[in-house]
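Thanks, everyone. Let me put the model up, and then we'll go through the sheet and the salt bridges.

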Amino acid sequence: MKICIVEDEAVWRDKIRAVIKKYSRDKNILFQIHSYSNGKDFMKNMDADLVFLDIELAEGENGFELAEKLMDSGNQCKICFLTSHTELARLGYRVNAFRYIDKRHLEEVNEALDFFLKTKIQERIIYCNDTAGVCRKINLNKLLLVETNGRKLRYLMSDGSEYFCEGRIFETAQQLSHFGFFQIQRSYVVNLKFITNVNSHEITLCNGLKVVIGRTHSKEFKREFFKWRMLFDD
């Protein structure tokens, strides 16, 4: 996940970067953090998922104007405005601001990061670190299953690609349960929409893979699968 900081004062750039780095360590999420002292340099390479953007930049640059340029370009990044003058925040409606961060209260950066990650789940996208430490963006609409693999988790996509990431299967099952996934046995969490056949003891996924239904999960799985089919299956 790429995060950019656009702030003309080095002291604030460093402080915000330090907060994001600590959050990254605490949450075990790998962020790519890029810092810019002016909007001009940022706009040359404006690929980002989340931007912390100062409203009042040096040399007459205006954060709201930069945000408007991002919107006009079709960029979908979320923008958190940085300001020491909270009365300016009311103007942010014009650019659909994601958050306002009062520089006197940088703990608000953590709150913004928490909320940003929640919105990504709502957009059916999750992030996890693979075994090489690379942050992977996983589209839940294309995620076939999650499987334990030693002390790692294997994320298998519908196109056959796979990622081996950090995590625990139980916590992942809880995280994904609201999005049509079910932990069918101790080692597997499956996407219900990719199930093509069910019998008394196993399921078959769209790629032909068969997974045994755990005895302790059987009744709850059949109930949840029936509910899902009633709601979403055409």
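Five strands make it up, it is open, and the order is 10-9-8-12-11 with antiparallel pairing. Strands pair here if DSSP finds at least two bridges between them. Helices (H or I, at least four residues) and strands (E, at least two) are DSSP runs, numbered from the N terminus. At the edges sit strand 10 and strand 11 (181-185), each pairing on one side only. On average, neighbouring strands are turned by 20° against each other, direction ignored. Axes are lines fitted to C-alpha atoms, for helices over the stretch in contact; angles run from 0 to 180 degrees between N-to-C directions.

Before going on, a word on the source. This is a predicted model: local features need pLDDT of at least 70, side-chain atom pairs count only at pLDDT 80 or more, and totals for chains, interfaces and linings use all residues. Residues are numbered from 1 along each chain as its sequence is written, and side-chain values use heavy atoms, with hydrogens and water left out.

Strand 8 (residues 143-149) and strand 12 (residues 188-191) run antiparallel, joined by three bridges. Glu147 has Tyr188 in strand 12 as its bridge partner. What packs on the sheet? Helix 5 does. It touches strand 8, strand 9, strand 11 and strand 12, and its direction makes about 160° with that of strand 8. Contact means heavy atoms within 4.5 Å.

On to charges. A salt bridge is a side-chain nitrogen of Lys or Arg within 4 Å of a carboxyl oxygen of Asp or Glu. The count comes to 10.

Take Asp54 and Lys103 as one of them, at 3.4 Å, N to O. Asp54 is in strand 3 (residues 50-54) and Lys103 in the loop between strand 5 (99-102) and helix 4 (108-122), so this pair ties together parts 49 residues apart in sequence. Both Asp54 and Lys103 are buried. That means under 20% relative accessible area; exposed is over 50%, and partly exposed is in between (1.4 Å probe, protein chains only).

Next, Asp102 with Arg104, at 3.0 Å, N to O. Asp102 is buried at 9%. Arg104 is exposed at 58%.

Then Lys152 and Glu166, at 2.6 Å, N to O. Lys152 belongs to strand 9 (residues 152-157), and Glu166 to the loop between strand 10 (162-165) and helix 5 (169-176), 14 residues apart. Lys152 is partly exposed at 27%, and Glu166 is partly exposed at 33%.

Last, a network: Glu7, Asp54 and Lys103 are joined by salt bridges that share partners.
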